[in-house]
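Please take a moment to look at it before I go on.

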Amino acid sequence: MNAHGDPLLDIDGISTHFQTASGAVKALDDNSLTVHEGEIVGIVGESGSGKSTLLRTIMGLIEEPGEVVNGSIEYRGRDLTTLSDEELRQLRGNDISLIFQEPTSHLNPAYTVGDQITDVLKAHTEMEEVERWERTYELLDLLDIPSPEDRAESYPHEFSGGMAQRVCIAMALACQPDLLLADEPTSALDVTIQAQILDLLQELQDELGVAIVWVTHDMGVVAETCDTMGVMYAGNIVEYGDVDDIFAEPKHPYTEALLDTVPSHTDEGDRFDTIEGSPPDLQNLPQGCVFQERCPKAMESCSTHRPPYYEVGGDDWLAKCLLHDGQPTHPSSTSAPETDLSIDEAPNRDETTSDGGTVVDEALEGKR
Amino acid sequence: MTLLEVNGLTKHFPLDTGFLMNLTGRDRKVQAVNGIDFAVEEGEAFTLVGESGCGKSTAIMSALHHQTPTAGEVTFKGHDIASYSKKKLRSEAQLIYQDQQDTLNPKMSVGEAIAEAIRFHDVVPEERVDERVDDLLNRVGIAPGDKRQKPSAFSGGQKQRIAIARALAVDPSLLVADEPVSGLDVSVQAQILNRLMDLQEEFGLALVYVTHNLGIARKISDKIGVMYLGNIVEYGDVDEIFQNPQHPYTQALLSANPVPDPSIDRDRIVLEGSIPDPIDIDEVGCHFAPRCPEASEECTTSEMGLEPFEGDSSHQVDCIYR
Amino acid sequence: MYDSPSPHASPAHTTASVTPRSLVATLAIAAVVVTLETLIGVSLGLVAGYYKGRVDESIMRLLDVVVSIPPLLLAMVIVTTLGINIWNAMLAIGIVYIPMMSRTVRSSALSIREETYVQAAEGLGYDSKRVMGKHILPNAVPPIVVLGTTDVAYALIDVATLSFLGLGIQPPKASWGAMANAAQGYILVTPWPIVFPTIAIAIAVLGFNLLGMGLREVLIYGSDFEEEVVE
């Protein structure tokens, strides 16, 4: 769909665990993904797959008892996982913005919409008041909100769902970020309104060149809007690559199964396809591959070996499946493929980083 | 036999606008449902689809007299629905609700909840109640051994299946389901819906399904009614309508719905504006006219109503240009 | 311990004897009051919360009448009208407490009736009695228990007050309030007979209050007793 630019955000081997009295909940376990400038990346998965945790980890919004135990997130030469709160705060809303599913809970009901947008500008720019308001009207107009000067005086509850979401997007784009993280932004909206927002976002992306990471459970949205996609299951991105490629020929059995189960109104079949069983408990992940218990193609080795990322079609199509053993593995900051990381043996973060740090740098150097 | 027949069903809610407004005669109402007609045959699956504010939930609640309709006739099994006693009607037509987490009494074991329904409606003699509870649980895929558990021991999807068992316990002839699987994971949805369709066949039930999800609507229904702002704008055979939508709203709706196939390059029909609130709608003319790409002056003044498309009574459209 | 020469006082009253028998009597009185309050208060509250509309309005206005009269005054009026004995004293206090219990239950009922499972019960054709009794009430229990427990404490005080004023329990039956009553004339001579029953009342009231607070923590706020160990 779009010609992508340089790598903007490089997620490498990210693991986020939540410590509880009964053990670690591995919300994210060894995830890798790259977002390029101007690209729309879709992240699909069922509930509990870790999609929201991934976005939160990128923004540094993980709090006790959760922590990033492994991996790195490179953004413009800095590892976001190592930044201080203050440094992260400067990035949020400014270089990297976030929008959520429910626009009404994202907006403060006590302030007008105009106030909230100018607030963002005040926090991150040196603009004068007049300039801020000018920019606010510009933004509202950009988002196709009619009569911007009037609507800026309205309160959030006076907007319909679709309009409120546009306001949230306006706030997110105010400081011209490079990257927009969107957590199910249209899931709460009606179909015809969602269509408006999808169209709008594609236009904006063309105009502004902002990259978007779009978390959703809707395969249709991914197919029609995204350039690349990541499929998540039980805390792992199990497949990542170009949308056209993956839909045509999924390389991971879960992706394949998932694509089969999506009911579309163009399907003429009678039954709903389903994947038998249910996702594993994130506190008690099986040894080896997380999907083995439900996988129609599971092999012996799947229960003992945790698959690494294999490059299944160039270095920008990755699949975490032993079916592809033999393909080159993707360099990553986590330990060697054969190691099974059991709950008690989660590697000490410092050790791995110092080991894996070199490998990551070299890989990046190779890409540049 | 036609199980449920609805004619001119209307449901308006008064809007409290204050004393003075009421004095001056301007009493505003929420016109949730504006004279709709549909029929459900024995064993048939009929789906009402539409976006928020279209009135689909209110329509079924009014049809079954869970709320009293403002106007219209509803006949059930050939008799006026108002002539049924509340108890009798409820034993014939059961409702599955949208909220899975909250649909079972947290203080009653699931077996008790089902048994209560069986006993209250005298479905089987006392000696056979336990047996029936076990049977129903089996049919919905819940282990009968778990029947002494309270709802908190089950997942959302399981609770909904238990709710289905409870509905079937009274031996109804009609099941009405209002978005029963929304919020659940896609694979859980699939499991429940497949089972629902199986049960529908096994028990010979008619099904009225309410949803905004077009993918589900297509697979589950025989017949479909597309609702917009209190009216059914297109009505008839589901495959026919999905393949050959005639009403501009239906066309926009289907086109807006993302298709999980990136190789298809389609132009979305994007409608302008938001979905209006069903308040202060003109009684005359088409309610979709303000947003319709094909609208004209005539649209706001014409008599509307479902008419067969090209003479085919299994495909009806409410549009003066079709 | 301290014998009183008063011709009015009975042996039970004359000693600083907070006996087990008087304990039982006192608690029994409070329990009866709370039982009465609960039976009527819960019924009214359920009906008001379930039916809403006019029924609710009527019940609430009726309760407002009761609430508008200062509690002790109302109790005194009832007792002096119906006859000064312990049963009427219990009835009077019970009546005074009904509005609070009613409102609490009504508030629960109002929110519970909107829950899906109550709508499902109605959808199954269950009659109102069954819906109120089997589906709403069991889910409204925690606030009732908490209020009832703390009300035992208040009932103790109020019945004691009535007895102290001579409107409640009559000699030779003993309740702590009555003991305090009998002893008040002798404060300047011998303070102990009034001190012990009064302290006993205070301890009982404190105890029930604490019990009520604890129950509220567990039943309503859902605390566990164990600390969660977070590494």
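How many helices and how many strands does chain C have? Before I answer, please keep in mind that what you see is a predicted model. Chain C has 10 helices and 0 strands, and if you follow the chain from its N terminus, the elements accordingly run α-α-α-α-α-α-α-α-α-α. Of the 231 residues in chain C, 41% are buried, and when we take the contacts in this chain between residues at least 6 apart in sequence, we find that 70% of them join residues at least 24 apart.

Let me now turn to chain B and its two neighbours, beginning with chain A. This contact takes 39 residues from chain A and 33 residues from chain B. On the side of chain B that touches chain A, at least two residues each are supplied by α7 (186-203), α8 (214-220), α9 (238-243) and α10 (248-256) of chain B, and the largest share, 6 residues, comes from α7(B). By class, that side of chain B divides into 17 nonpolar, 9 polar and 7 charged residues.

And what does chain B bring to chain C? Here 18 residues of chain B are in contact with 12 residues of chain C. The side of chain B that touches chain C draws at least two residues each from α3 (86-92), β6 (93-96) and α4 (110-120) of chain B, with α3(B) giving the most, namely 4 residues. This side of chain B has 7 nonpolar, 5 polar and 6 charged residues.

Key:
Residues numbered from 1 in each chain as written. Chains lettered and ligands numbered in written order. Predicted model: local features only at pLDDT ≥ 70, side-chain atom pairs only at ≥ 80, totals over all residues. Buried ≥ 20, exposed ≤ 12 C-beta atoms within 10 Å, placed from the backbone. Contact = placed C-beta atoms within 7 Å. Nonpolar A, V, L, I, M, F, W, Y, C, P; charged D, E, K, R; others polar.
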